[in-house]
Amino acid sequence: MPRSRYKAVVDALAADIRAGKLCPGTRLPTHRELSKREGVALVTASRIYAELEQMGLVSGETGRGTFVRETSLPLSHGIDQQDVATGMVDLNFNYPSLPGQAELLRTALRQLALSGDLESLLRYQPHGGRLHERACVARHLVQRGLAVEPTQVLLVNGAQHGLAVTLMALLRPGDVIAADALTYSGFKVLAEALHLEVVAVSAAGDCIDLCALERLCKSRPVRAVYTMPTMHNPLGSVMQLGERERLAAIARKHDLTIIEDAAYAYLVEDAPPPLAKLAPERTVYVSGFSKSVATGLRVGFVAAPPRLVANLERTIRATTWNTPGVLTAIVTAWLDDGTVAKLEVEKRQDARLRQALAARVLKGVRYVSHPSSYFLWLPLADEARADKIAMALMQEQISVSTAEPFCTSAHVPHAIRLALGSPDMKSLEAALKRVEWVVGLYS
């Protein structure tokens, strides 16, 4: 059987791109021009470009056209690139660490070895964690402006697991969930794996466009809204009290579950009250200690309305049974003795120093940030292409993320995100100077 004309055109274009005959950034013919040139129907031309986009070879941009991607840059750049090559400065992922943290762990392990409770940590734990440890986290949440009962707190294997548990327990494949047009990349991965329909809502000022959210709720059966009101990732914005109250009112009106991601909330001093306080009957609050303490310490927590706790516990049981007892014992001891609070203060100070450094170095670059966040968002000029800049920086031994992993809308903006929390200050300064140079070169 002869191959279809459509498949032959796909293969020919793919071969030209991979061979370098069509260079990264090349604008391809419009759908209509391709249809005429190849003698195929307009709908077939659209199908050709759609398949090339699925292959990661081109990107379609609303109002601009279809462009050849930088294929040397991984398609999932910003999500899966955990292993940074030797000598590479990592501005892609945040794993902030402070001097002396390893010694804190040694001390904690010695103290744990001398405790009388050691044998119990070798056994299965309750799915949501031991009650005294849940109470410890509940006391910690009071400092975040959230008062909950210990029975409303569930311990999980990091905030990402807490988010997965929440989505799995409360939503079903095909359910509609609203989210910012730019949002946390890990949420996108989870939603795709669970076959949830994420509908992008544009931003208005420092938060999600609440008028647009209301219109969406009137036109679609939205089940939930995912949001980061305190230290948005990647934009670093903080939702003000008035917007939080209005979001809570919209959620009540349309019976939405609010999923509040607070992974970076510890970086904001004197933040407005959490959504979980303003709408406690419908908000699931998810956070952890990976950013405030250490990324390898995979302990997180979910605080939920009482009516949702049993379902969340069943999902923890199905996914991991329980959070390892040794880790929860270390974390809760650090919560009780003030170590976590001390580390959070020090990391806020560290983040401010890094932001100040970025402000000094990136004088010629427009960016969006918060003065105590660990990341910067760099919108690029109209003529600049994020994939080419990311690839050029990679050749300079600097790893960054493009906007693609964070984008939930059809239109992916040309921007890059810089994570500031991983390199030492000297390496960070040198890397930021190269970023300014490369961005200027391509703008």
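User: What is the volume of the largest cavity?
Analyst: The largest cavity has a volume of about 50 Å³, a volume being the space filled by probe spheres set on grid points joined across faces, edges and corners. A cavity is a set of points on a 1 Å grid over the protein atoms alone where a 1.4 Å probe fits but cannot get out, and lining residues have an atom within 4 Å of a point. This is a predicted model, in which local features need pLDDT of at least 70 and side-chain atom pairs count only at pLDDT 80 or more, while totals for chains, interfaces and linings use all residues. Residues are numbered from 1 along each chain as its sequence is written, and side-chain values use heavy atoms, without hydrogens and water.

User: Which residues line the largest cavity?
Analyst: Its lining consists of Asp180, Asp206, Cys207, Ile208, Thr227, Met228, Pro229, His232, Ser237, Val238 and Met239. By class, 6 are nonpolar, 3 polar and 2 charged. Here Ala, Val, Leu, Ile, Met, Phe, Trp, Tyr, Cys and Pro count as nonpolar, Asp, Glu, Lys and Arg as charged, and the others, Gly among them, as polar.

User: How many cavities of 30 Å³ or more are there in the whole structure?
Analyst: The search finds 2 cavities of 30 Å³ or more. The second largest cavity has a volume of about 40 Å³. Gln125, Gly128, Gly129, Arg130, Glu133, Leu155, Thr323 and Thr328 form its lining, with 1 nonpolar, 5 polar and 2 charged residues.

User: And the second largest pocket, what is its volume?
Analyst: The second largest pocket has a volume of about 690 Å³; a pocket is an open set with protein on both sides within 12 Å along at least five of seven lines. Its lining comprises 31 residues, and Phe93, Gln160, Tyr184, Tyr264 and Lys291 lie nearest its centre.

User: Which elements give two or more residues to that lining?
Analyst: They are helix 6 (159-170), helix 7 (185-193) and strand 11 (283-288). Helices (H or I, at least four residues) and strands (E, at least two) are DSSP runs numbered from the N terminus. The lining of the second largest pocket has 15 nonpolar, 12 polar and 4 charged residues.

User: At what angle does helix 6 cross helix 11?
Analyst: Helix 6 and helix 11 (residues 306-319) cross at roughly 115°, and their axes come within 9 Å. Axes are lines fitted to C-alpha atoms, for helices over the stretch in contact, and angles run from 0 to 180 degrees between N-to-C directions. The crossing is right-handed, the near helix being turned clockwise from the far one by less than a right angle.

User: Which residues of helix 6 and helix 11 meet?
Analyst: His161, Val165, Thr166, Met168, Ala169 and Leu170 of helix 6 meet Leu308, Asn311, Leu312, Thr315, Ile316 and Thr319 of helix 11, where contact means heavy atoms within 4.5 Å. This contact has 7 nonpolar, 5 polar and no charged residues.

User: Changing topic, how do helix 13 and helix 15 cross?
Analyst: The axes of helix 13 (residues 339-361) and helix 15 (residues 425-442) cross at roughly 35° and come within 10 Å. Their crossing is right-handed. Leu353, Arg354, Leu357, Ala358 and Val361 of helix 13 make the contact with Met425, Leu428, Glu429, Leu432, Lys433 and Glu436 of helix 15. These residues divide into 7 nonpolar, no polar and 4 charged.
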